[in-house]
Amino acid sequence: MSDATKNEGRVGDGTRAVRAGLPEPAKNEPTLPGPVFAAHFHLPGEVSGPYAYGRDDNPTWTLLERAVSELEAPGREDTETLVFASGMAAISAVLFSQLRAGDAVVLPSDGYQVLPMVGAQLEAYGIEVRTAPTGGDAQLEVLDGARLLWIESPSNPGLDVCDIRRLAEAAHARGALVAVDNTLATPLGQRPLELGADFSVASGTKQLTGHGDVLLGYVTGRDAEAMAAVRRWRKIVGAISGPMEAWLAHRSIATLQLRVDRQNATALAVAEALRQRPEVSGLRYPGLSDDPSHKIAAQQMRRYGSVVSFTLPTRTRAERFLAALRLVEDATSFGGVRSTAERRRRWGGDAVPEGFIRMSVGAEDPEDLVADVLRALDESAE
């Protein structure tokens, strides 16, 4: 951990993001070393030291993993981060390393659309899968006897929020582990480990890296034995990040606070503009004071994210709206500096209306983006 990020009480998010994971300064060396491309390392005699083979560890991963740990759990020395090839690789690593045949797991019924596929695979391995919605802390109702509780808050794409601390305390009282998907919030929006979770898991593909050019995932945990199992799973499956992707991610983290603050503020402006439109229903953004999730979100989140969701009356209206946008790309990811939006039902995996739109607000000028959205709504009505 670098000196500038050791004391949580003295360092702001921007300073922490800029300095996270940097090695100690060395004369004539770069402040952030370039990616290390190596399948193997020089290893004479007895095996010792941190780097032996490229599937196990890499110096570029090490710096990125330190950086993420400093963001997810500032000032703590008892946490570990492991990076993966994608967010799904990280999710799978936690689930399949911690669960055995005969165990039960609780998943959100309104979470990421690939979770049902994961649940089917878990069931094929003899693991009982229970589901409940995120909102209203409904997962509490199916928690008894579970080995692992998986929380996604805010949920994707519906943006419901649950009381992470309450659920974590209830799960631990029942002997269950707790993992939180922190993709949408990022470590600058919410710190699951501080709220009681055992694992904070995320797709670094999204706002953490923010440029739409990296596939990456990570797991941060505070229990050495549990993280050893996650590391073993990574070794077995080989779902490792390339050094170039890890280096790009680390470089991108330096601007995380700048991007997050701009995108959060603009997302709120977009949500407030949408709130005035009669054709818009089901508007959700946790930062809105009248959002159903705002009260609990305000208690556990420091920033509310870059994603806004809403519904237009029909599939045709939604498609016309998306086609009319000029500053917003029709794409499926979120969290990037360029705004994106999509009609989520086109994938078939989310229980949302045909006209449901998930919009990811980028770093464009707020006035320009709001104007583009309102103009597209006007044009799509014709």
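Visitor: How many Å apart do the C-alpha centres of domain 1 and domain 2 lie?

Guide: The two C-alpha centres are 26 Å apart. The domain assignment gives domain 1 as 13-251 and domain 2 as 257-380; such bounds come from an automatic or database domain assignment. Please keep in mind that this is a predicted model, where local features need pLDDT of at least 70, side-chain atom pairs count only at pLDDT 80 or more, and totals for chains, interfaces and linings use all residues. Residues are numbered from 1 along each chain as its sequence is written, and side-chain values use heavy atoms, with hydrogens and water left out.

Visitor: How many residues does the contact take from domain 1 and from domain 2?

Guide: Contact means heavy atoms within 4.5 Å. Domain 1 gives 33 residues to the contact and domain 2 gives 34 residues.

Visitor: What area is buried between domain 1 and domain 2?

Guide: Buried area is the accessible area (1.4 Å probe) that two parts lose on being put together, summed over both. Here the value is about 2700 Å², and carbon and sulfur atoms give 53% of that area. On the side of domain 1, Gln113, Leu159 and Gln207 supply 25% of the area buried against domain 2, more than any other three residues.

Visitor: And the charged pairs? How many salt bridges are counted between domain 1 and domain 2?

Guide: Side chains of opposite charge can pair when their charged atoms come close. The rule asks for a side-chain nitrogen of Lys or Arg within 4 Å of a carboxyl oxygen of Asp or Glu. Between domain 1 and domain 2 the count is three salt bridges. Arg302 forms a salt bridge with Asp13, with the closest N and O atoms 2.5 Å apart.

Visitor: Which elements give two or more residues to the side of domain 1 that touches domain 2?

Guide: Helices (H or I, at least four residues) and strands (E, at least two) are DSSP runs, numbered from the N terminus. The elements in question are helix H1 (13-19) and helix H5 (164-173). H1 gives the most to that side, with three residues.

Visitor: In what order do the five strands of the open sheet stand?

Guide: Two strands pair if DSSP finds at least two bridges between them. The order is E8-E9-E12-E11-E10, and the pairing is mixed. Strand E8 (281-284) and strand E10 (329-330) stand at the edges with a single partner strand each, so one side of each is left without a neighbour in the sheet. Strand E11 (residues 340-343) and strand E12 (residues 356-360) run antiparallel and are joined by four bridges. Within that pairing, Met359 in E12 is the bridge partner of Ala341.

Visitor: Where does Asp137 lie?

Guide: Asp137 is in the loop between strand E3 (128-132) and E4. Its phi is near 55°, a positive value in a residue other than glycine.
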